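Hello,

Here is the structure for your files. My notes follow below it.

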Amino acid sequence: MQKIANYIAGKLLPPASGEYIDNIDPAIGKVYSHTPDSDERDIGQAVQAAQRAFPVWSAKTAGQRAAYLYRLSSLIDANIEKLALAESVDNGKPLALALAVDIPRASQNFHFFASAIEQFASESHATSERVLNYTLRKPIGIAGCISPWNLPLYLFSWKIAPALAAGNCVIAKPSEITPMTAFLLSELCIEAGFPGGVLNIVHGLGHKVGAAITAHSDIGVISFTGGTRTGAEIARTTAPTFKKVSLELGGKNPTLIFADCQYDDMLDTTLRSSFTNQGQICLCGSRIFVERAVYAKFKQDFVARTRELTVCDPLEPESRLGAVVSQQHIEKILSYIELAKEEGGTILCGGERVQLTGRCKNGFFVAPTVIEGLDAHCRTNQEEIFGPVVTIMPFEGEDEALKLANSTEYGLAATVWTENLSRAHRLGSELQAGVVWVNCWLLRDLRTPFGGTKSSGVGREGGDEALRFFTEPKNVCIKF
Ligand code: NAD
């Protein structure tokens with residue numbers, strides 16, 4: 001059985017402990033590889049390697065660093081099929097989705113930040129004829145990047161690329177639940193000729209390796225994506241050392257559907273925003289509010305279309321929903337469906353585990369589920385489920401829609417469907433979310449700020465926001 005290795009100082013190494021964690025293929029429910037169970041000794045080694053590499057890497061020109069990132073991006077493109085298959089097996093997502101979204105986006109992340117660092121400019125202020133201020137933006141040193149399992153290589157590279165482009169060396173930890181494409185990336189880094197120690201990838205458990213990264217005194221900046229509870233723990237542990245921290249956390253995103261919307265486009269897209277990646281995207285809309293005038297029609301059409309979604313072996317081309325990521329996660333999702341029933345909800349479709357036959361008979365499959373009849377303030381509508389489960393609720397008028405949409409502790413993303421331009425602008429301004437989509441969903445421009453408010457996080461990723469985050473501004477004031 002394959003053993004994944006850490007990537008430290010340019011080499012593929014076993015963990016110091018010599019111990020490994022089982023890595024499970026969620027579509028078949030069986031162990032298929034082993035992940036290093038690393039600890040603070042591996043992080044210590046990675047930090048030393050990064051410290052040795054930093055003076056040379058940070059002294060390279062932006063163009064020289066960009067050249068490495070462009071090479072890595074091309075290698076991802078050249079290996080797209082291998083990487084997509086690995087992502088699908090590791091995570092349970094449909095292979096077609098990994099091929100169309102996850103891996104192309106990982107390549108784009110490196111390509112985008114290679115280009116961005118070449119365009120990145122700092123400010124200069126001529127205070128008077130004899131006084132000039134200018135701002136240097138220096139890399140911080142060693143960056144710690146910690147990512148989750150839902151979009152493994154996509155989100156891993158989204159952090160690593162700007163950190164490296166800005167001149168930092170990186171210690172990165174993928175989720176222990178989906179480590180495979182990060183391991184394959186380390187092989188591609190070797191092929192791309194990255195100097196040893198510039199990027200180090202250390203595998204293992206959050207409370208061991210993750211905690212060792214956030215606690216290490218020589219790691220000056222932490223970029224984290226994951227659950228809100230873990231984010232709070234990281235905020236607590238990093239606060240006394242004044243590390244720079246970016247936290248991209250959970251969500252409970254509202255979709256607001258007004259009667260005047262382009263109905264067919266809304267219906268197609270709402271199906272995607274509800275169930276893509278088995279609903280395991282932080283941006284999925286899990287609370288769907290529908291203006292009462294179109295509620296009955298929407299309910300009928302949406303449930304009919306949801307029933308048509310094929311849940312099957314993620315390697316089959318017709319798969320629209322694959323497996324959810326783990327045994328623990330399927331139990332969590334099913335427990336929320338039970339809670340919804342206890343809270344008075346009616347299951348309109350789905351609501352149960354899907355039992356497949358053959359290769360996937362022990363896999364973790366959940367039928368896409370639509371629930372109605374719940375109050376917006378019940379636990380089902382307040383807590384993040386992170387699975388193929390949505391609730392639908394009617395509303396009357398824009399004010400009520402806004403109030404309901406804003407009624408959770410989260411504030412990551414919101415989607416609005418309306419043809420009324422003024423309403424779109426009003427809601428765009430008033431919705432408590434870091435990202436608002438109007439008449440679209442997951443339409444991304446990598447230059448835009450990305451992140452959440454309230455319990456969905458602190459800080460923004462994307463474009464210049466990311467390059468600013470991974471650099472320390474220093475103002476120089478000269479009188480001459
Ligand atoms: P998680 O918080 O359990 O784990 C995320 C990462 O943190 C993993 O690599 C894990 O090993 C590590 N970790 C765990 N405990 C740690 C600790 N004490 N110190 C340091 N690192 C630690 O999250 P998950 O279950 O992997 O991911 C799902 C969550 O991620 C959902 O809540 C989802 O909404 C969120 N998410 C947010 C975004 C966003 O951009 N806001 C994107 C994707 C996922």
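How many bridges join strand β16 to strand β17, and do they run parallel or antiparallel? Four bridges join β16 (residues 369–372) to β17 (residues 389–395), and the two strands run parallel. Val-370 has Val-390 of β17 as its bridge partner. Strands here are DSSP runs of E with at least two residues, helices are runs of H or I with at least four, and both are numbered from the N terminus; two strands pair if DSSP finds at least two bridges between them.

This is a predicted model: local features need pLDDT of at least 70, side-chain atom pairs count only at pLDDT 80 or more, and totals for chains, interfaces and linings use all residues. Residues are numbered from 1 along each chain as its sequence is written, and side-chain values use heavy atoms, with hydrogens and water left out.

The open sheet has seven strands in the order β15-β16-β17-β14-β13-β19-β20, with mixed pairing. Its edge strands, β15 (346–349) and β20 (435–438), each pair on one side only.

Strand β19 (residues 413–417) is mostly covered, with five of its five residues buried (under 20% relative accessible area, 1.4 Å probe, protein chains only). Ala-413, Thr-415 and Trp-417 point one way from β19, while Ala-414 and Val-416 point the other way. Three bridges join β13 to β19 in parallel, and Ile-257 has Trp-417 as its bridge partner in β19. On β20, four bridges link to β19, again running parallel, and Val-435 stands opposite Ala-413.

Regards

Note on methods
Buried < 20%, exposed > 50% of the residue type's maximum accessible area, 1.4 Å probe, protein only.
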